[in-house]
Amino acid sequence: MAQTTGRVGASQIEIEYHSPAVRGRAIWGRVVPYGRLWVTGSHSATRLTTDAPLLFGGRELPAGRYAIFTIPGKGDWEVVINRDWNQHLTTQYSRNMDVLRFTVKPIRQKANQERLRYEVLPLGGDSGRVTMSWEKVRIDMPVSQSPTQ
């Protein structure tokens, strides 16, 4: 189990997740199949908690606790934020509980990230990003303070 926290503007963001290791395995398209919903960690859904409304991937996300899922692709990835944050793997997932979805482009990295890692990175002012890195792939999820706050 791992956790990361950070601030974007006045908003506190916390992410709780299980951090699997690469251990020499082929990850993308093998351990994590392309085109299928993934908990973006292991064992249980990755949990995102925010104490204030955010724009997450350019879409309004009210304060609260959520599950982060992704659908990795060979090209783009889809990020899914779901209301049911207390799920085991994807067996309890219901699309009806989705709050928002958006697309990101994976970034290939030269260095290997052995254990899956999330970071909350403030970029100044009211903007930042949440990143997930594992093996030689990173995704950046843009975050900013909601104008409705």
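Strand 1 and strand 2 form a hairpin with two residues between them, and Gly9, which lies in the turn, has a positive phi of about 60 degrees; strands here are DSSP runs of E with at least two residues, numbered from the N terminus. The model is a predicted one, in which local features need pLDDT of at least 70 and side-chain atom pairs count only at pLDDT 80 or more, while totals for chains, interfaces and linings use all residues. Residues are numbered from 1 along each chain as its sequence is written, and side-chain values use heavy atoms, with hydrogens and water left out.

Strand 1 (residues 2-8) runs antiparallel to strand 2 and is joined to it by seven bridges, where two strands are said to pair if DSSP finds at least two bridges between them. Within this pairing, Val8 has Ser11 of strand 2 as its bridge partner. Strand 2 also pairs with strand 3 (residues 46-50), in the antiparallel sense and over four bridges, and Glu14 stands opposite Thr49 in strand 3. Because five of the seven residues of strand 2 (residues 11-17) are buried, this strand is largely enclosed by the rest of the structure; buried means under 20% relative accessible area, exposed over 50%, and partly exposed in between, with a 1.4 Å probe and protein chains only.

Thr40 is placed in the loop between strand 2 and strand 3, and with a relative accessible area of 1% this residue is buried. Leaving aside neighbours within four places in sequence, Thr40 is in contact (heavy atoms within 4.5 Å) with residues including Thr46, Ile68, Leu116 and Met132.
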